[in-house]
Amino acid sequence: MARLAVVFFNLGGPDRPEAIRPFLFNLFNDPAIIRAPAPIRWLLAHFISRKRAPVAKTIYEHLGGKSPLLDLTRAQAEALREQLCKTDEARVFIAMRYWHPMSDEVAYEVKDFDPDEIVLLPLYPQFSTTTSGSSLEDWHRAARAAGLNKPTRAVCCYPLQAGWIEAVADLTRKGLQQSDNHVKQRLLFSAHGLPKKIVEAGDPYQWQVEQTCAAVVAALGVADLDWATCYQSRVGRLEWIGPSTEMELERAARDRVGVVIVPIAFVSEHSETLVELDIEYRETAEALGVPGYVRVPAVGTHEAFIQGLRDVVQRCRTGDRALDSGTGGRVCAAGLVDCPRDKGK
């Protein structure tokens with residue numbers, strides 16, 4: 001029986017009001033987020049975190065003053081551990097990118113566990129240099145510093161993984177059933193946005209998100225389903241990928257259709273779902289006169305999703321490369337030069 005360590009990667013979030021500003025600083029000081037020389041990035045991170053902290057504080061007040069992400073990720077980790085322990089001695093660790101527990105401390109915990117092998121598993125189904133790419137790079141740095149040199153494989157993405165698609169489709173189907181049968185509905189898949197220049201430089205995130213949406217629609221099997229993909233959480237003055245979720249709500253109001261909103265790049269509830277989708281966009285929809293607003297929950301510990309993660313881990317362990325796509329082979333379309341497999345990582 002192998003001794004297996006799986007390391008979950010996620011964004012993280014402040015665990016108390018005092019942590020909000022340093023969390024934001026860590027976020028905006030990441031070179032994958034602000035692609036500027038270190039001294040300029042450091043100054044910008046201080047400026048942005050100071051400016052945005054009061055806004056973020058108001059957001060987290062809706063959530064009891066802290067992010068629920070760590071607790072929810074712990075529940076996912078325990079659910080996956082139970083699946084893996086049917087065949088291996090396994091532990092699932094959590095490494096958050098911008099707030100504790102972070103890679104530096106978790107690398108030592110993994111080293112103390114003394115596993116035979118390590119699988120790195122981002123909780124981002126779609127790959128982006130700003131999320132999975134950043135977390136993987138930071139982990140390898142922390143592992144070197146900790147002297148952790150066990151055989152390590154990593155999952156880069158799983159946008160079309162069967163269990164993930166099944167879980168989203170199941171929850172979406174229930175959301176469609178909740179909507180008013182007397183009002184025509186439009187399914188809106190809402191993903192976190194990215195600056196357009198990052199995607200134009202070859203980041204595969206938007207392409208993978210849209211592939212996930214199409215796969216969920218196919219799994220639903222609903223004839224003539226009205227659906228669209230949109231992007232939320234825009235920050236700053238740069239042009240971001242679109243259409244934005246706000247634009248889609250405006251279109252729904254003009255077309256007099258209700259909306260069923262599905263978080264398609266988030267696997268856990270956090271501020272972008274519990275506040276932005278549940279409160280802010282709902283209020284926007286009501287003000288615009290959208291005739292119906294249903295929000296589908298994130299997959300969380302949905303059985304199909306957890307079993308899908310188990311399958312991703314097992315495939316990664318037996319694959320022929322140190323970095324696996326979760327479904328085998330190269331997922332990304334040609335021309336997406338930031339695909340990590342394209343770079344031979």
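Author: Let us begin with a definition: a salt bridge is a side-chain nitrogen of Lys or Arg within 4 Å of a carboxyl oxygen of Asp or Glu. This is a predicted model, in which local features need pLDDT of at least 70 and side-chain atom pairs count only at pLDDT 80 or more, while totals for chains, interfaces and linings use all residues. Residues are numbered from 1 along each chain as its sequence is written, and side-chain values use heavy atoms, with hydrogens and water left out.

Reader: Why is the contact between arginine 317 and aspartate 88 called a salt bridge?

Author: The N to O distance between the side chains of arginine 317 and aspartate 88 is 2.9 Å, which is within the 4 Å limit, so the contact qualifies. The pair links distant parts of the chain, with arginine 317 in helix 11 (residues 303–318) and aspartate 88 in the loop between helix 3 and strand 2, 229 residues apart; helices (H or I, at least four residues) and strands (E, at least two) are DSSP runs, numbered from the N terminus. Both arginine 317 and aspartate 88 are buried.

Reader: What makes glutamate 269 and arginine 295 count as buried?

Author: Buried means under 20% relative accessible area, exposed over 50%, and partly exposed in between (1.4 Å probe, protein chains only). Glutamate 269 has 15% and arginine 295 has 12%, so both fall under the 20% limit. Their side chains also meet in a salt bridge, at 3.0 Å from N to O.

Reader: How do you know whether arginine 81 and glutamate 78 are buried or partly exposed?

Author: Arginine 81 has a relative accessible area of 29% and glutamate 78 has 33%, so each is partly exposed. These two side chains form a salt bridge at 2.8 Å, N to O, and because they are three residues apart in helix 3 (residues 69–84), about one helical turn separates them.
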